[in-house]
Amino acid sequence: MLEHIQGQTFHARRGALKNAFRYGVDYVLCDLDAPLKPVVLSRNRFNLWSLWDRHHGGPRGTGQGVAWFRALLAERGLPLEGVELRLLTQPSFLWFHFNPVSFWLALRNDQVCAFVAEVNSTFGQRHCYFCAHEDFRPILPTDRLKATKLMHVSPFQTVQGDYLFNLAWSQRAIHIRISYENGSHGVLATLSGLRRPATNRSLLWAALRRPLGAGRVLALIHWQALILYLKRAPFLNRQPPPATLISQGQTMQGTAE
């Protein structure tokens, strides 16, 4: 199964200095154990759009793809019988690749029971936040899963505070909410879109509607960084990478806002 999520991402900065933006994005939701049918999208092969194992699952640039996620779930104690594994990511466009965040999803009866937020920075670093309830029950839209921020992502935010993840998953749509909270500062980020089959037509239209794919993503990130710099937001130089690749999240008490 391969789905094309023609979605939107929204970011809003907390604190005295405000900044917010909304952009259209193209993600694919894929089963990497199954063949890819659209001619314009390939796995581990150059194409208009492509998915490369080395870009996902493990250290940046030397990933192992879905095998890494399967081994991680087994290590964390999730019984894999009846579990389907999916990757939600922005595919590479021609030779361009950059993904601020991808999501590895473990589903049982089409309900998410565990996920990994695979976060990449423009500084060349990666950290993975593993999130699940202790008993691996389904993650509901009202559930909040917290993970301590360990990696330097933005030069305008310190490596402190927590991420609060909310995941709303249905057969029709996906909505992911990430709230970074560090006292009165932080960022709210969302990703939402309808689940529709990926076709040659939809992927060709995406290439025309939002050209350059990852190149466009990088350009927009630097454009927003320039806006914050001109607004005189405090700037933090590159920080050391996390000591580990993966950290464990925890379930919060109460429900999402």
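Guide: Rings of Phe, Tyr and Trp (for Trp, the six-membered ring) pair if their centres lie within 6.5 Å; planes under 30 degrees apart are stacked, over 60 edge-to-face, and the rest tilted. The model is predicted: local features need pLDDT of at least 70, side-chain atom pairs count only at pLDDT 80 or more, and totals for chains, interfaces and linings use all residues. Residues are numbered from 1 along each chain as its sequence is written, while side-chain values use heavy atoms, with hydrogens and water left out.

Ring pairs join Phe103, Phe115, Tyr129, Tyr163, Phe165 and Tyr180 into a cluster. Across the whole structure, the search finds 11 aromatic pairs. One of them is Phe21 with Tyr23: centres 5.0 Å apart, planes at 40°, so tilted. Tyr23 has 19% relative accessibility, so it counts as buried (buried is under 20% relative accessible area, exposed over 50%, partly exposed in between, with a 1.4 Å probe and protein chains only).

Phe156 and Phe235 also pair. Their ring centres are 5.6 Å apart and their planes stand at 85°, so this pair is edge-to-face. The pair links distant parts of the chain, 79 residues apart. Phe156 sits in the loop between strand S10 (145-148) and strand S11 (162-169). Phe235 sits in the loop between H3 and S15. Helices (H or I, at least four residues) and strands (E, at least two) are DSSP runs, numbered from the N terminus. Phe156 is buried, at 9% relative accessible area.

Together with Trp223, Leu226, Tyr229 and Leu230, Phe235 makes a nonpolar surface patch of about 600 Å². Patch residues have over 30% relative accessible area and no salt bridge; like charges are joined within 9 Å, nonpolar side chains (Val, Leu, Ile, Met, Phe, Trp, Tyr) within 5 Å. A salt bridge puts a side-chain nitrogen of Lys or Arg within 4 Å of a carboxyl oxygen of Asp or Glu. Areas come from the Shrake-Rupley method with a 1.4 Å probe; for residues, only the protein chains shown count as cover. Trp223 belongs to helix H3 (residues 214-230). Its relative accessibility is 48%, so Trp223 counts as partly exposed.

Trp68 and Phe69 are among its buried residues, with Val66, Leu72 and Leu73.
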